[in-house]
Amino acid sequence: MEARLDLFTNPVAGKIIKHFTAAGKATMDAGLPDSTRELVLLRASQINGCGFCVDMHTKDAAHAGETAQRLHLVAVWREATVFTDAERAALELTEQATRIADAAGGVPDEVWANAAKHFDENQLVALVAAIATINAFNRFNVMVQQPAGWYQPGQFA
């Protein structure tokens, strides 16, 4: 498979991706646990069918010490016993925000309230920004059919 556009060499794409990347990196300084952020990035990417991002975030999470068991269970987190209540709240918020068009009223109040029980305001901002940013990255990659499988952990750090 070959991408429709080369996002890595196109100068316009480079400018745009630079800003998306900067937004993503800003979420790292808000106190949101790295493991939670990686689970969120992976779950949104699974929902959106972004092979490149699933590959990337699975490898980055594993490289950072995440277990294979938890990574394999992200797609079925509701039935899995390996996630904390805070991680479950973040994954639920991720699903609701990623599938925002499926819910006429957007993210339900109870989903937001549950996330707010586990994360302070700065962490919530980081969580919302991480979800929004990964959804943008997913859309870029899905539209251009960015191939998956070649990413190396930390390659874009």
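Let's start with R70, which is buried, with a relative accessible area of 11%. Buried means under 20% relative accessible area, exposed means over 50%, and partly exposed is in between, using a 1.4 Å probe and protein chains only. Before going on, a word on the source: this is a predicted model, where local features need pLDDT of at least 70, side-chain atom pairs count only at pLDDT 80 or more, and totals for chains, interfaces and linings use all residues. Residues are numbered from 1 along each chain as its sequence is written, and side-chain values use heavy atoms, with hydrogens and water left out.

So what does R70 meet in a salt bridge? The partner is the side chain of E87, at 2.7 Å from N to O. A salt bridge here is a side-chain nitrogen of Lys or Arg within 4 Å of a carboxyl oxygen of Asp or Glu. R70 lies in helix 4 (residues 68-73) and E87 in helix 5 (residues 85-98), so the pair ties together parts that are 17 residues apart in sequence. Helices are DSSP runs of H or I with at least four residues, numbered from the N terminus. E87 is buried too, at 6%.

How many salt bridges does the structure hold? There are eight. Another one joins R78 and E95, with the closest N and O atoms 2.8 Å apart. R78 sits in the loop between helix 4 and helix 5, while E95 is in helix 5, so this pair also ties together parts 17 residues apart in sequence. R78 is partly exposed at 45%, whereas E95 is buried at 4%. E95 also meets R99 in a salt bridge of 3.8 Å, N to O. Now zoom out: R43, R78, E92, E95 and R99 are linked in a network of salt bridges.

I47, in helix 2 (residues 34-48), touches E95, T98 and R99, not counting residues up to four places away in sequence. Touching, or contact, means heavy atoms within 4.5 Å.

Next, please look at F156, in the segment after helix 7 (121-144). F156 counts as partly exposed, at 32% relative accessibility. Together with F8 and W150, F156 forms a nonpolar patch on the surface, with about 280 Å² of accessible area. Such a patch takes residues with over 30% relative accessible area and no salt bridge, joining nonpolar side chains (Val, Leu, Ile, Met, Phe, Trp, Tyr) within 5 Å and like charges within 9 Å. The areas come from the Shrake-Rupley method with a 1.4 Å probe.

Terms used. Helix = DSSP H or I, 4+ residues; strand = E, 2+ residues; numbered from the N terminus.
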